[in-house]
Amino acid sequence: MKNRPSNTIERLGVDIRGIVQGVGFRPFVFRLAQEMGLSGWVRNSSEGVRIEVEGEAERLGKFLLRLQKEKPLHADFRSLEHRPLKTKGEHRFEIRLSIAGRKTAPVLPDLATCPECLQEIFDPQNRRHRYPFTNCTQCGPRFSIVEALPYDRANTTMKKFSMCASCRSEYENPQDRRFHAQPNACPDCGPYLELWDAEGKKLVSHNAALTQSAEALRCGKILAVKGIGGFHLMVDAGNDAAVTQLRKRKLRKEKPFALMFPSLHSLQGCAEVSELEAALLTSSEAPIVLLRKKEFSRFSSGIAPGNPYLGAMLPYAPLHHLLLAELDFPVVATSGNLSEEPICIDEKEALIRLKDLADLFLTHQRPIARHVDDSIVRVVEGREMILRRARGYAPFSFPLENEAEAILAVGGHMKNTVALSVGEEVVLSQHIGDLETPQAFAGFQETMARFQDFYDAKPKRFVCDLHPDYASTRYAAEHGLPLLRVQHHHAHVVSCMAEHDLHGQVLGVAWDGTGFGSDGTIWGGEFLLSTRRAFERAAHFLTFLLPGGEKAVREPRRAALGLLYETWGEGVFAKQDLALREAFHLEEWNLLREMLLKNLHCPRVSSAGRLFDGVASLLGIRHKADFEGQAAMKLEFAAERANHRETYPFTILGDAPLIVDWRPMISAILQDRQGEKSVDHLARKFHNTLVEMILQIAERVGEKKVVLSGGCFQNKLLTELSIRRLQEKGFQLYRHRRIPPNDGGISFGQIAIAVEKQKPCV
Ligand code: ZN
Ligand code: ZN
Ligand code: FE
């Protein structure tokens with residue numbers, strides 16, 4: 001527009017891609033154009049928003065600048081392109097209906113209730129007073145209600161409610177906060193609450209359903225509550241008997257329950273909340289944040305037994321705000337499912353699946369389009385680390401440098417997620433879960449089908465794990481499309497590289513429970529010299545026999561015995577004074593002895609996760625575990641209580657790959673056990689040693705860029721100590737922030753590798 005008189009009338013076509021739907025973007029454009037006296041129109045497109053705008057050249061330039069500068073809070077531009085068009089001489093600016101095209105517009109995640117809506121539901125003068133489905137363009141459900149793109153009411157589960165005159169006038173008024181707020185509703189036209197008994201008989205509805213639900217919780221009842229992305233099971237967090245009952249019914253012995261607090265203030269009474277943690281809790285993502293418990297808190301000891309941390313969240317839907325305000329005490333809010341099954345989203349299904357779990361059902365008629373669990377975040381070295389990406393964070397889209405063909409990555413086996421490349425971006429699904437049960441696998445298949453449908457993607461190839469027996473691998477193999485099998489730990493490393501936009505070579509430290517190695521053995525304590533395309537196994541932990549294989553996940557004592565057998569051979573069975581013996585009955589001990597001596601059902605592993613478990617057992621911290629990683633977590637908690645820099649001896653053997661021999665450490669730990677030092681002290685010494693192992697391997701390999709990935713790096717102490725120690729020595733450290741370090745990040749790594757492999761080699 002240079003060199004032309006500034007008062008020439010021109011017309012521009014503007015295409016904006018990014019997060020611009022469902023955030024009040026079109027009304028913002030409308031108001032801006034009106035204010036600036038420009039004509040034309042704006043509408044949603046499948047790729048974002050398209051604007052045609054006409055007026056004096058100079059004003060158009062300012063319009064483009066103000067679009068970027070003044071855009072609504074949740075809007076995020078990925079690209080803004082504009083080109084000159086022929087002028088049309090219109091006199092006004094309007095908002096047009098959407099048209100369908102290619103479906104790549106990013107969908108916004110579900111957003112927690114905004115301050116304005118919150119004020120309305122507690123204002124007796126407001127027509128939405130105590131209305132649990134209040135929302136606006138700045139808040140409310142999105143991903144959990146959208147069935148197809150573009151994001152318009154007719155494509156959401158709200159389509160069955162027709163708006164009353166008042167709601168419609170808000171919806172159609174560009175000056176209103178609810179202009180094109182797709183889930184807009186009120187007590188006259190929208191969904192309402194119903195309280196059902198365990199047989200599905202309606203007891204009461206509307207406000208009475210809310211007050212009676214609160215009363216039931218006060219009386220220690222277990223309440224199933226239909227929320228944003230599925231059902232929660234709720235009980236009074238201060239009621240021991242109710243919490244115990246919930247554990248019994250849910251078949252969940254010790255795994256911590258998440259709590260929902262009425263307010264940040266009440267939460268601060270029970271846990272240490274840093275500024276960043278408070279910001280996370282009150283953000284529109286409103287995840288569960290792992291917080292350090294305060295010593296004396298009112299709630300039941302059954303919430304998170306033996307765990308110094310607490311998973312806490314704040315109300316994120318009007319229904320929660322109303323219910324928690326009524327109660328004024330924290331409740332357990334755990335996902336509505338049997339252990340490890342997918343979360344329940346439909347009330348008819350809930351009645352069947354949660355029949356033996358809940359006493360009452362607080363439900364409503366707004367359907368949930370897909371299950372979206374609560375997300376989990378932990379603060380590590382002063383920055384967040386997302387451990388589970390679901391509500392508020394999903395779907396997550398990540399820009400690619402070039403357009404890639406449609407590829408579907410099916411992820412791993414535990415904490416499964418899937419990823420899809422569409423056009424110039426990769427979309428990562430919400431957390432799906434462990435694919436252990438038929439229900440979980442059905443959930444995986446459904447999520448996958450809906451995900452492809454949603455983005456209108458027909459994958460040309462699949463990416464899966466190298467493990468032949470993963471349900472996800474078998475699913476991918478059945479499709480007959482070109483299939484890329486990616487080594488598990490390589491996927492971990494590349495997921496972190498892609499998160500940090502790293503290219504070239506890195507030393508990837510990938511530590512987790514298990515992953516299928518390229519040599520057919522079980523890996524898990526890996527140092528991979530990696531690019532996005534390939535890797536070389538630079539080093540790994542000395543392998544050991546794991547008696548009973550997967551059984552050891554729930555029995556750290558088996559890992560401990562495996563470590564000792566590798567250290568002393570048969571001699572371990574001759575040691576009469578061995579403390580570990582007391583962890584077994586005589587028959588068990590003899591059976592495992594037979595298994596080890598004959599090498600039956602004893603896979604050889606290099607697993608860092610099992611090393612953690614084994615050491616936890618040798619220190620007497622935990623011989624059996626209620627869930628994977630429990631013993632390792634307890635070891636971390638013990639180590640946090642000590643503070644020193646002592647390390648255990650270890651050696652590095654071999655050449656290519658190098659082998660980290662931990663046997664000297666194991667012998668020294670057993671010696672230390674005879675001495676005066678506390679278990680906490682020894683646990684810290686073990687952590688320090690692992691950090692020293694990383695440092696020595698990094699120095700031997702001579703690669704300055706070091707990437708930390710795999711489930712073991714959910715361990716805050718290990719991650720923080722590694723970063724500090726290696727940075728001291730001049731290494732550049734990268735760890736996960738937005739992509740989970742655990743297997744929830746596998747699909748993202750898989751797809752990054754597949755996209756890279758499509759590029760020609762340079
Ligand atoms: Zn709002
Ligand atoms: Zn209405
Ligand atoms: Fe893994």
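Guide: A residue is called buried when its relative accessible area is under 20%, exposed when it is over 50%, and partly exposed in between, with a 1.4 Å probe and protein chains only. In the chain shown here, buried residues make up 61% of the 762 residues. This is a predicted model, in which local features need pLDDT of at least 70 and side-chain atom pairs count only at pLDDT 80 or more, while totals for chains, interfaces and linings use all residues. Residues are numbered from 1 along each chain as its sequence is written, chains are lettered from A and ligands numbered from 1 in the order in which they are written, and side-chain values use heavy atoms, with hydrogens and water left out.

Visitor: What radius of gyration does the chain have, and what would a compact globule have?

Guide: The radius is taken over C-alpha atoms, and the globule rule is 2.2 Å times the number of residues to the power 0.38. For 762 residues a compact globule would come near 27 Å, and the chain, at 28 Å, agrees with this. Along the principal axes, its C-alpha atoms fill a box of roughly 95 × 70 × 50 Å.

Visitor: Which residues coordinate the zinc ion (ligand 2)?

Guide: Donors are N, O and S atoms within 2.8 Å of the metal (3.2 Å for Na, K and Ca), and since water is not among the atoms, sites may look incomplete. Here the SG atoms of Cys164, Cys167, Cys186 and Cys189 coordinate the zinc ion (ligand 2) at 2.2 to 2.3 Å. Cysteine 164 sits in the loop between helix 3 (115–121) and helix 4 (165–172), and cysteine 186 in the loop between helix 4 and strand 6 (194–197), so the pair ties together parts 22 residues apart in sequence. Helices (H or I, at least four residues) and strands (E, at least two) are DSSP runs, numbered from the N terminus. Cysteine 164 and cysteine 186 are both buried.
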